[in-house]
Amino acid sequence: MLCASGRLLAARTATSLPAPPRGRGPALRCPRRELHFPGNPDPPSWDCLAGRLTRASASPHRRVILRRGRMPPAVGRGLAGSELRLRRSRCGPRAAGRDVAIQAAARSPKRPAPGSWRFEVAGRRAMLALVTLLSFATRFHRLDQPRHICWDETHFGKMGSYYINRTFFFDVHPPLGKVSSVMLIGLAGYLSGYDGTFLFQKPGDKYEHHSYMGMRGFCAFLGSWLVPFAFLIVLDLSNSLPAALLTAALLTFDTGCLTLSQYILLDPILMFFIMAAMLSMVKYRSCANRPFSAPWWSWLSLTGISLACALGVKFVGLFIILQVGLNTIADLWHLFGDLSLSLVTVGKHLMARVLCLIILPLVLYMAIFAVHIMVLNKSGPGDGFFSSAFQARLSGNNLHNASIPEHLAYGSVITVKNLRMAIGYLHSHRHLYPEGIGARQQQVTTYLHKDYNNLWIIKKHNTNSADPLDPSFPVEFVRHGDIIRLEHKETSRNLHSHYHEAPLTRKHYQVTGYGTNGTGDSNDFWRIEVVNRKFGNRIKVLRSRIRLIHLVTGCVLGSSGKVLPKWGWEQLEVTCTPYLKQTLNSIWNVEDHINPKLPNISLDVLQPSFPEILLESHMVMIRGNNGLKPKDNDFTSKPWHWPINYQGLRFSGANDTDFRVYLLGNPVVWWLNLG
């Protein structure tokens with residue numbers, strides 16, 4: 001008897017184990033274990049739901065919580081933890097059985113068994129596998145239909161062909177988007193047997209014998225991951241399996257999302273990286289209690305990689321960057337406010353986010369851009385959007401490994417290129433300005449592509465009969481401050497301006513082609529000036545930045561960048577501006593230079609560095625995005641149409657009879673989201 005009682009507690013601690021009270025309900029069936037402390041009449045009781053000891057009637061500063069299996073070092077009036085531990089003794093089996101009873105009574109009947117937790121995890125994994133399988137099944141169903149070009153497949157499929165053929169092209173989307181998506185589309189097509197010969201001219205064209213399933217399958221593969229990604233995001237945020245299943249069902253059966261995932265487009269790739277960035281952000285935030293662990297670093301790095309890819313596909317990726325950025329700022333704000341963390345720890349958190357969310361995406365962006373530049377090394381339809389120095393690096397371009405005369409001379413055949421990105425070459429053609437648009441004379445525009453109508457002959461202002469290319473005449477160089485005429489080579493009309501108003505830009509003067517066989521009037525005279533040079537200096541091809549000042553009106557030749565209507569073949573407007581402020585719109589350089597009387601020099605020294613290529617490409621893309629406008633007679637939607645799913649978009653060509661695709665979101669899904 002003495003052995004049994006002395007085994008339980010120290011001398012100053014008495015323990016009583018009353019019988020469970022009789023009554024109904026799970027709370028009454030739960031056994032209690034009370035510990036009495038000297039000087040404290042209120043005994044602590046065992047909370048079966050929380051699984052801990054607590055003193056219900058004690059004041060907050062007197063409350064004691066005793067966790068099973070671990071005792072505090074001191075309780076009450078200086079009692080040592082060793083005085084509260086069960087002492088070992090050589091007691092019989094009766095005392096040992098009583099110990100087992102005490103431990104069994106301390107366990108809560110409400111605590112879930114390990115088996116039930118494993119069952120719950122297995123159920124969630126089964127649901128994830130089910131929604132993934134359903135997503136892939138719906139996205140790959142009838143993927144080969146229709147067997148013709150649908151909507152923007154004409155653009156992105158063509159870009160895949162350009163990558164296979166290594167032909168340089170221009171697109172308004174960032175270079176990382178072309179590398180991470182279109183190049184992979186091209187790679188998928190190449191691996192599946194596509195040879196890059198299909199022209200992708202317009203929607204509705206039959207694919208015939210060309211292999212296109214590899215490119216569609218790649219987009220469908222990425223689009224299929226949207227559903228499991230959304231399932232995991234909602235499950236992690238809400239810890240609710242029904243909510244995650246509802247989200248997966250909404251995405252699985254949304255016809256708009258499904259249709260976008262089945263064709264050669266950038267949209268499924270963009271959505272994949274946006275979802276991947278969101279999932280990675282949620283996962284690394286769930287590891288906040290284990291900072292700097294391997295999973296924490298992995299998810300943080302994947303977030304940065306996904307952000308770079310999302311922005312690279314389209315500039316719309318800026319929205320997910322904004323989302324992640326705001327969450328990161330909030331995290332850092334809470335870390336700075338946590339006084340339990342040292343400044344060194346806070347600094348580590350800050351540097352980790354800078355490394356993974358800023359430096360890593362930038363390095364990835366530039367690395368894949370470098371691959372893009374190395375792969376597309378042949379001249380193509382995008383040359384004219386870029387500077388002369390950029391074109392000199394493209395194989396097949398007339399400036400690549402070219403040798404041309406260094407200094408400009410009278411009688412030379414030249415092309416004049418505007419220095420503002422995506423403006424193009426000074427151009428003219430035999431079409432006249434329509435009635436009511438200034439003087440009815442020959443149109444002068446800027447054109448982005450190489451063309452014979454871009455060629456001009458540079459002549460002195462006061463001579464017309466003598467041929468400066470005659471070998472009997474000495475070479476005379478054009479110098480800064482000279483008065484010249486520019487004669488259009490194909491039509492023999494002079495570059496001309498007068499006080500008539502420009503077609504689109506008010507308070508600017510019209511620029512036309514005027515005269516017959518080079519004979520015109522004084523409105524054909526221009527003074528050529530080199531920016532930041534002295535009078536008398538020679539003009540260098542490609543490197544001299546020149547301005548053309550009209551001698552009569554005093555205006556400066558430039559391009560407004562505005563797109564002319566259909567009567568102007570949707571080329572860009574050329575004006576003579578009376579505002580003499582130097583802008584890139586009014587600065588030009590001489591690109592092509594043909595003069596058999598002059599020695600040639602190599603242009604290899606003009607090839608730009610990688611940072612210059614990177615900067616120029618982004619300036620051209622921004623300029624191209626700013627110039628995007630809906631074409632005439634196109635059925636365009638309004639912002640209030642989008643959330644209510646007011647109208648769809650016809651994907652197939654107008655003359656299709658076998659299979660047509662109409663893009664429209666599932667009204668049930670869209671309207672439920674509005675609610």
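### A walk through the chain, starting from a glutamine

In this predicted model, the side chain of Q262 comes to 2.8 Å from the backbone oxygen of R139. That is a polar contact (a pair of N or O atoms within 3.5 Å; within protein, one must be able to donate a hydrogen and the other to accept it, and residues adjacent in sequence count only if both atoms are side-chain atoms). Before going further, here is how to read the numbers: residues are counted from 1 along each chain as its sequence is written, and side-chain values use heavy atoms, with hydrogens and water left out. Since this is a prediction, local features need pLDDT of at least 70 and side-chain atom pairs count only at pLDDT 80 or more, while totals for chains, interfaces and linings use all residues.

Where does Q262 sit? You will find Q262 in the loop between α11 (255–260) and α12 (267–286). Helices (H or I, at least four residues) and strands (E, at least two) are DSSP runs, numbered from the N terminus. Leaving aside residues up to four places away in sequence, Q262 touches T138, R139, F140, H141, L143 and R216, where a contact means heavy atoms within 4.5 Å. Q262 counts as buried because its relative accessible area is 9%; buried means under 20% relative accessible area, exposed over 50%, and partly exposed in between (1.4 Å probe, protein chains only).

One of those neighbours, R216, takes us to the charged pairs. Side chains of opposite charge can pair when their charged atoms come close. The rule for a salt bridge is a side-chain nitrogen of Lys or Arg within 4 Å of a carboxyl oxygen of Asp or Glu, and by this rule the count comes to 12. In one of them, R216 pairs with E153, and their closest N and O atoms are 2.9 Å apart. This pair links distant parts of the chain, with R216 in helix α8 (residues 213–224) and E153 in helix α6 (residues 153–165), 63 residues apart. R216 is buried because its relative accessibility is 0%, and E153 is also buried, with a relative accessible area of 0%.

A second salt bridge joins the side chains of D331 and R285 at 3.1 Å, N to O. Here too distant parts of the chain are linked: D331 belongs to helix α14 (residues 318–337) and R285 to helix α12, 46 residues apart. At 13% relative accessibility D331 is buried, whereas R285, at 38%, is partly exposed. How buried or exposed is E435? E435 counts as exposed because its relative accessible area is 67%, while R440 is partly exposed at 46%.

Now let us move to strand β18 (residues 572–577), the place of E573. With 1% relative accessibility, E573 is buried. The side chains of E573 and T505 are joined by a polar contact of 2.7 Å. Beyond four places in sequence, the residues that E573 touches include A502, P503, L504, G558, S559 and K562. The C-alpha atoms of E573 and Q443 are separated by 9.5 Å, although the two residues are 130 apart along the chain. For another view, look at S522 in the loop between β14 (509–514) and β15 (526–530). S522 is partly exposed because its relative accessibility is 39%, and its C-alpha atom is 9.7 Å from that of S497, 25 residues away along the chain.

On the surface, W297, L355, I358, I359, L362, V363, M366 and F610 form a nonpolar patch, with about 680 Å² of accessible area together. Patches are made of residues with over 30% relative accessible area and no salt bridge, where like charges are joined within 9 Å and nonpolar side chains (Val, Leu, Ile, Met, Phe, Trp, Tyr) within 5 Å. Which helix gives the most to the patch? Helix α15 (residues 343–375) does, with 6 residues, and L362 has its place in that helix.

Stepping back, the chain comes to 18 helices and 22 strands, and 46% of its 675 residues count as buried. Its accessible surface is about 35,100 Å², 61% of it belonging to carbon and sulfur atoms; such areas come from the Shrake-Rupley method with a 1.4 Å probe, and for residues only the protein chains shown count as cover. Finally, a word on confidence: the average pLDDT is 78, and 75% of the residues score at least 70. pLDDT is the predictor's confidence in each residue, from 0 to 100, and it stays under 50 over residues 1–97 and over residues 104–110.
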